[in-house]
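Let's take a friendly look at the salt bridges of this protein. Have the sequence and the 3D view ready as you read.

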Amino acid sequence: MLFSVLVIDFVVNRNQISSTNAYVALFFVVLVFFFPSSVKDTDAIGCNFFLVLACRRLISLRSLRNIKLKILDATLWVLAASLFFGWAILFLLLVFIAIYIYEPKNIKNWFVPIAGIVTFLLIWNSILILSGTEGFFAAHYNFNVGNWESVLRDWIRNTKLIIFILFISVTSFAVFLKSGKLGLGRIINLRVVSIYFFLSIIVVLLSLTSEEFPILIAFFPAAVFLGKYVEMIKRDNIREMVLSGAILTSFFIFSVELLTK
């Protein structure tokens, strides 16, 4: 988990998604305290790690250098993430959307993800044959929707999820309203992150069961928008109050949830 936070901080600062600060990493940790059970989900941690790496490669397409290599890398990272949650394969849509945003005119770019998928299948199928587990793909990529009957009974988790989705949606909308002076490059990056958030929520909802709650994969884009919004607050005292309030609230929710279990 700590390594994931360091990677997120590197991705955000390297690709100029935000200014040079640690707000995004801070809010990622804050969200973990809001959903403390997320740290026990090793599949979500692994899936999130590879999706962040994929997003980094897609955002770096803005430089228009080594485009095909970056698209291939992003495709392979998404497919690696799907090994943890089958529904994460939906993030291949983000790869094609990024191609459309950054460099749609080169027809060869559109075939690179297909080449990446074929490469992944050949390599992974060879591994499965050698290990004697040829039925992995059929069992893993069954794309069953979560058990909603049992999920709906957990009203505490559902309430937190609804509040999370609504709050991040409103925050992202506010960020886009205030981002007119950021420059076209950063606005486009934020659009990619917003699509990332939308897809992550879909994956979370499709994967929900009484045992599985992969909300962690939505923390990166959520933290980006929260950090970006705080960054846009001009008055230092208000910014400090918002940060302090977020940290104290997360600790309070974490303590309450810890005491009630």
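A residue is called buried when its relative accessible area is under 20%, exposed when it is over 50%, and partly exposed in between (1.4 Å probe, protein chains only). This is a predicted model, in which local features need pLDDT of at least 70 and side-chain atom pairs count only at pLDDT 80 or more, while totals for chains, interfaces and linings use all residues. Residues are numbered from 1 along each chain as its sequence is written, and side-chain values use heavy atoms, with hydrogens and water left out.

How many salt bridges are there? With a salt bridge taken as a side-chain nitrogen of Lys or Arg within 4 Å of a carboxyl oxygen of Asp or Glu, the count is three.

| Salt bridge | Closest N and O atoms |
|---|---|
| Arg57 and Asp73 | 2.8 Å |
| Lys228 and Glu231 | 3.2 Å |

Arg57 is buried at 15% relative accessibility, whereas Asp73 is partly exposed at 22%.

Lys228 and Glu231 lie three residues apart in helix H11 (residues 219-231), so about one helical turn separates them. Lys228 is buried, with a relative accessible area of 1%, and Glu231 is buried at 17%.

In helix H12 (residues 236-259), Asp236 and Arg239 are three residues apart, so they too are separated by about one helical turn.

Notes: Helix = DSSP H or I, 4+ residues; strand = E, 2+ residues; numbered from the N terminus.
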